[in-house]
Amino acid sequence: MSNTIPNVSNSLTRSASFQLVWLGIAATLGFALLMVLLSWASALTGSGTSTLNAIDAESGTLTLQLSTEPPQLDSTRATDSVSIMILGHVMEGLLRFDANNQLVPGVAERWEIREDGATFWLREDARWSDGLPVTAHDFSFAWHAALAPETASEYAFILYPLKNAEAINTGTLPGDALGVHAINDRVLEVEFEQPLAYFEELVAFPTYNPIREDFYRNRDGRYGADVEDLLYNGPFEMTVWVHGAHLRLEKNTDYWDRERVRLNVIDIPYFTTDTTAALNLFKDGQIAIVDYLGAEQLDEVLRQRWELLRFGDGSVWFLAFNFDSGRATSNWHLRKALQLVTDPSELVNRIIKLPGNLPGKSLFPVWLQGVNGFFRQEYPAPQIALDASAAREHLRLAMEELGLDEPPSLALLVDDTPGAGRQAEYFQNLYGTQLGIDIRIDRQIFKQRLAKMQNQDFDLATYGWGPDFADPLTFGELFASWNPNNNGRFSNQEYDQSVRLAQSSLDPHIRMNAFGRQQEILFEEVALIPNYERGRVYIKDRRLQGVVRRAVGPDPDFTNAYIVENP
Amino acid sequence: MTEFSLTAADFERVSVERRVQTIARPSLSYWQDAWVRLKANRRALVSFYIVIVLLLFTVAGPWIWAVDPTVQDLDQLSTPPGADRRAQIVQPYVPWNGVFTTINESLSDTVGATTEIRLAQPASTQTVRLVWDPVLGASGYRVYRNVYDPAPDGAVGLPLAEIYDPRQVSYEDLLDLTPTRYWYSVIATDRNGREAEEYTTLAVDTIRVITAAEAQTRGLVDLETLLSLGDEVRVSFHPLGTDYLGRDMLARLMYGARVSLFIGIIAPLFFVLTGILYGSAAGFIGGRVDQILMRFADFVVALPFLLFMILFKIAFGIGPGESGVVPMLVALVVLSWPATARLVRGQILQIREEAYIGASQLLGAKTHYLILRHMIPNTVGVILVTLTFAVPTVIFVEAFLSFIGMGVAPPTPSWGSMCNEGIQTMLNHPHELIFPAALISLTVLAFNLLGDGLRDALDARMRSRE
Amino acid sequence: MYAYTLKRLIQGVITVWFIATATFVAMHSVPGDPLLNERGVNAEIRRNLEERYGFDRPIFDQYLIYMTNMARGDFGISFTQQNRSVNDIIREHFPVSAALGVLAIVFAGLGGVLWGALTALYRNRLPDVIVMFLVILGISVPSFVIAALSQLALVGLNDLVGFSVLPVAGWGSILHMLIPSLVLGLGTMAFLTRLMRSSMLEIINADFIRTAYSKGLPPTRVFIKHQLRNAILPVITVLGPAIAAITTGGFVVELVFAIPGLGRFFVQAVQQLDYTVIMGTTVFYGAFLVFMVIAVDLIYGLVDPRVRLE
């Protein structure tokens with residue numbers, strides 16, 4: 001605008017500014033009033049209390065951040081790690097994991113596992129948070145509820161080793177046919193569908209947690225939805241749950257093993273998936289632990305001289321192939337060619353860049369137990385020697401068999417996390433430069449990726465599998481031809497037989513031999529290209545001790561944690 | 001009576017005095033006038049030049065800086081601009097089995113410090129191989145690495161490895177090695193897996209290395225040049241540094257500009273065009289049709305923009321190998337046309353009522369003449385301004401979608417997605433955020449100021465004021 | 001006036017119906033399957049899930065059920081939190097977004113008017129240059145960059161002072177809201193400042209201002225009573241769209257500052273293809289905006305005597 005202004009004298013400017021100042025003051029006052037109103041409003045939706053520091057030794061309070069609030073605290077339906085972590089603090093099953101990740105008695109005082117079933121003797125002093133005892137009936141009810149077709153529990157399959165469970169879950173048998181009986185309040189009888197070597201591992205899983213029938217029925221479908229919709233029998237009980245904003249766990253004084261619990265309060269007023277925000281909160285002294293870091297944050301952590309720790313989260317990540325006969329990836333030579341140029345070590349050291357991740361060598365991760373020691377020490381993974389020229393030869397054979405003139409173009413299905421995108425770009429470049437194979441990246445949001453996986457709409461897919469229980473079977477089963485998660489439909493008769501054997505045998509030698517054979521078959525058939533065993537790097541306040549990280553079970557576990565004032 | 005005779009001269013035409021009518025300044029058409037005003041507006045002019053430079057950067061840039069934006073240089077990950085490029089030629093990487101002792105001590109409850117850590121071979125960015133003397137009674141070792149000296153407070157840094165086998169007294173570090181000084185600490189663990197109180201630290205200076213074969217395939221030296229071990233070469237030059245996969249930032253910014261500016265310019269073009277057609281149809285036809293058309297436009301305006309943008313993005317889906325630019329364009333057009341439609345319709349209704357249109361009609365102007373001579377010139381200014389202001393909005397929308405992970409699919413770069421990547425590494429590699437963010441800001445700013453200038457220049461009401 | 005209001009409200013209801021239908025159509029053309037999860041389920045469980053969410057019915061039936069439920073104000077049950085209704089989610093999380101939005105609007109409105117007036121007053125002088133520079137920054141830097149940088153600055157500030165002046169993230173007190181809402185309102189504030197500035201400058205030349213001066217009114221009175229008042233009017237007209245931009249634009253700050261608002265829930269729901277939450281949130285926001293715009297229009301009619309509502 002170039003139009004002229006009438007002569008505005010300086011006095012005007014001055015007096016007008018003066019007036020503006022008055023307006024500003026009035027506005028500030030009005031603003032202050034608004035603030036009061038808003039702070040009242042926000043107290044309704046938030047915690048309303050001023051946040052304590054990360055650690056308060058006096059009151060035994062620990063402040064944490066979680067990636068999200070627990071989506072599902074109804075143990076029959078919980079599937080995700082956050083829900084399982086919270087459930088691990090407020091609930092207790094028949095067995096639980098201790099500070100050394102060993103199975104120890106939980107609500108069950110002792111137990112006996114036979115070939116055809118098991119018996120659990122419950123302890124007398126296990127209590128619900130309303131003071132009533134935890135009985136065998138509560139377990140029986142929970143397991144029935146999880147298997148009832150109307151519950152539509154995604155984890156119902158984990159109860160399938162119970163007699164008739166699968167038939168009940170698919171609606172072919174009524175619920176009372178289940179091989180679980182509460183003999184009396186303190187004795188639980190379980191019948192198996194077939195002999196089972198790892199039932200102890202299973203009953204520690206949250207789907208096996210107890211639920212009290214009268215309470216569950218009272219909630220009218222809202223069981224687990226809110227703080228008053230849950231009964232607790234674990235080391236902590238939940239006292240505050242403002243959705244998406246605040247979660248507070250307090251020591252459960254009715255818990256039978258309360259001496260073990262040394263923290264009084266676990267306060268969780270932050271939910272964010274943004275690790276940068278979490279790191280900022282830690283830096284600001286607001287939270288006591290950042291339970292995983294990205295590679296890009298390590299430099300900052302080093303600069304701050306914080307204590308860095310690591311652990312393996314137990315999951316195995318790999319490139320899955322589509323074995324549909326119409327796909328180029330069903331060709332063994334093509335898969336072999338890809339295998340011969342894939343260097344998991346480069347992926348881990350140059351792309352993921354996080355210590356704790358191990359270059360993938362097998363479907364079976366290093367932490368699994370074998371007969372006497374680690375499974376992978378007893379049955380070492382086959383070595384892959386990188387060989388680009390052999391790979392090109394395999395590619396030539398593959399093109400011959402497939403009747404192609406040029407290397408095929410493959411769709412690589414990945415999820416939409418930044419890390420997955422980077423890996424996809426890495427693979428695209430790797431296979432493009434080494435073999436001339438054009439990789440088309442297919443990045444999809446979580447559910448769309450799952451749909452594409454299940455509809456076999458991919459050639460290659462990055463895939464991760466976390467263990468449900470600490471037995472090689474949780475991995476081995478994955479490539480059985482009947483497994484719904486075997487998305488590429490890998491099918492091999494010998495493999496299937498070997499899995500059946502491992503499922504039904506009780507002899508550890510036979511079972512581990514079977515897994516060893518599975519490992520070989522997967523390598524020979526190039527059923528997958530292992531990428532990495534995921535590790536996590538985390539930081540914690542030096543005053544916080546006794547935090548347990550684990551691959552199977554609730555993680556992180558603060559039930560044994562304690563505070564030292566001067567580390 | 002006087003003789004009155006007429007001569008031919010008397011019948012000559014009286015000359016008309018035309019000087020009064022002379023126009024002092026050359027007559028200016030609407031566009032000439034607008035151009036003059038735009039030139040007078042310095043800010044707008046500068047913005048105009050910036051826009052041209054940005055377009056050149058996008059279109060001609062890749063010819064001048066002919067670097068493939070997809071080439072990954074895994075030896076130069078996230079390198080800032082102006083990093084040291086010297087590299088030594090070394091042998092290709094050979095796997096190392098490590099060093100194992102045969103002693104088999106019984107484990108003890110307390111263990112001492114590792115006595116000495118040595119390098120098995122000179123440390124380089126290819127590998128750092130550590131060997132240490134076994135510690136009596138240790139159940140294993142933990143290896144840490146720091147880029148700062150751990151001495152003052154024992155901050156040993158990154159937990160590189162946990163070794164459970166007491167016989168293994170070596171470790172090979174391959175993790176993201178850069179040419180710098182590292183402090184390696186090896187701590188023995190006792191029978192219970194607890195770390196020893198004391199430990200030893202070794203400071204190691206790594207140098208950048210490259211194999212001769214790599215140097216040649218990357219084009220760092222001629223194929224004829226014979227390289228021997230220890231020779232020094234310079235790794236490829238990246239004026240703006242590299243990103244997390246070692247790709248050239250400048251080249252990526254240029255290709256990213258193609259996506260961002262393409263979406264930023266094409267989407268507004270399309271939705272403005274749709275809006276013009278729709279709005280002028282409504283304006284010309286009028287009556288019931290106009291009512292219905294405009295009511296529908298109102299509905300579309302009422303859709304929450306960002307929410308629907310996200311919905312459409314997932315509804316259209318992006319197939320394998322696709323960049324996702326087209327679905328984003330479609331979604332933008334579908335959601336954004338009504339604003340222009342309303343504007344154009346309003347203009348047309350207004351112009352139809354103007355006196356000069358009536359006058360023109362009285363003088364016998366046909367409809368197509370009216371449209372060509374009056375309607376279009378009088379609306380085009382407004383449309384141009386709308387278009388200019390739409391560009392920054394769309395660029396922001398693209399950036400926003402990238403931020404929440406709904407942007408273009410990798411490996412296609414866009415400024416928004418580069419920004420989003422950069423924000424993760426903001427503290428350590430600020431160059432990955434600064435450059436794309438600065439380009440976004442510059443573009444948005446330039447188009448905004450240009451839009452201001454155009455509005456002032458094209459506004460017919462303003463012409464009378466000068 | 002009443003007739004006009006009624007007419008606008010009816011139009012609003014129809015618009016909301018349109019939004020709901022558009023959402024339904026968009027949602028059902030999304031590829032992917034919200035019932036899938038990482039662990040595959042058997043056919044019977046799948047059937048039960050479909051039954052629970054009505055997916056076993058023909059699409060038109062689903063539409064009718066969805067519409068009748070929505071007319072009753074029932075948005076259904078979330079897919080990811082199967083024991084929580086969408087109504088609960090909106091009821092618990094919308095107030096958060098709203099509180100943030102209100103504060104942001106207040107920041108933007110007050111800031112815009114004050115800065116705008118100030119810059120017009122000190123036209124082409126130092127205060128003008130400084131404020132306009134900040135305005136340009138506010139307009140041209142993407143909000144997620146500003147959000148991330150301001151969080152970083154907060155950490156730095158707290159570090160410098162030695163105690164927590166303002167919380168870095170989270171929710172629960174007024175202190176948690178200050179910085180996020182400032183960031184949220186920044187773009188709008190910049191926009192309003194520019195608008196206010198130009199509208200002030202336009203009015204300076206208006207006849208009634210000249211009249212006011214010539215009849216000897218003191219300059220301050222002219223400034224406050226005539227100039228400022230009239231310059232604010234155009235600012236009010238854009239408040240409707242500004243509210244829309246701010247309430248739906250809250251995603252970024254909610255993500256960065258870990259605020260449990262509805263926007264963050266929406267983004268999560270999209271990742272999970274949580275149909276009911278997506279549809280519920282979209283329709284709710286749509287309806288909110290529609291009636292907000294109506295409200296702003298009606299208020300504008302009351303404030304500006306030149307505007308006749310008919």
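## Strand S18 of chain A and its partners

Gly312(A) stands opposite Gly535(A), a residue of S18(A). This pairing is taken from a predicted model. Strand S13 of chain A, residues 308–321, is joined to S18(A) by 10 bridges, and the two strands run antiparallel.

S18(A) spans residues 528–540 and is mostly covered, with 11 of its 13 residues buried. Strand S12 of chain A, residues 289–290, pairs with S18(A) in the antiparallel sense over 2 bridges. Here Val290(A) has Ile539(A) of S18(A) as its bridge partner. Strand S14 of chain A, residues 358–359, is also antiparallel to S18(A), with 2 bridges between them.

## Helices H6 and H8 of chain B

Two packed helices are described by the angle between their axes and the distance between the axes. In chain B, helix H6 (residues 287–302) and helix H8 (residues 325–352) have axes that come within 8 Å and cross at roughly 140 degrees. H6(B) is therefore oblique to H8(B). Their crossing is left-handed.

## Residues at the helix contact

On the H6(B) side, the contact is made by Met294(B), Ala297(B), Val300(B) and Val301(B). H8(B) contributes Leu335(B), Pro338(B), Ala341(B), Arg342(B) and Arg345(B). By class, this contact of H6(B) with H8(B) has 7 nonpolar residues, 2 charged residues and no polar ones.

Definitions and conventions. Residues are numbered from 1 along each chain as its sequence is written. Chains are lettered from A and ligands numbered from 1 in the order in which they are written. This is a predicted model: local features need pLDDT of at least 70, side-chain atom pairs count only at pLDDT 80 or more; totals for chains, interfaces and linings use all residues. Axes are lines fitted to C-alpha atoms, for helices over the stretch in contact, and angles run from 0 to 180 degrees between N-to-C directions. Helices (H or I, at least four residues) and strands (E, at least two) are DSSP runs, numbered from the N terminus. Angles under 35 degrees count as roughly parallel, over 145 as roughly antiparallel, 65 to 115 as roughly perpendicular and the rest as oblique. A crossing is left-handed if the near helix is turned anticlockwise from the far one by less than a right angle, and right-handed if clockwise. Two residues are in contact if their C-beta atoms, placed from the backbone, lie within 7 Å. Ala, Val, Leu, Ile, Met, Phe, Trp, Tyr, Cys and Pro count as nonpolar, Asp, Glu, Lys and Arg as charged, and the others, Gly among them, as polar. A residue is buried if 20 or more other C-beta atoms lie within 10 Å of its own, exposed if 12 or fewer, and partly exposed in between; C-beta atoms are placed from the backbone. Two strands pair if DSSP finds at least two bridges between them.
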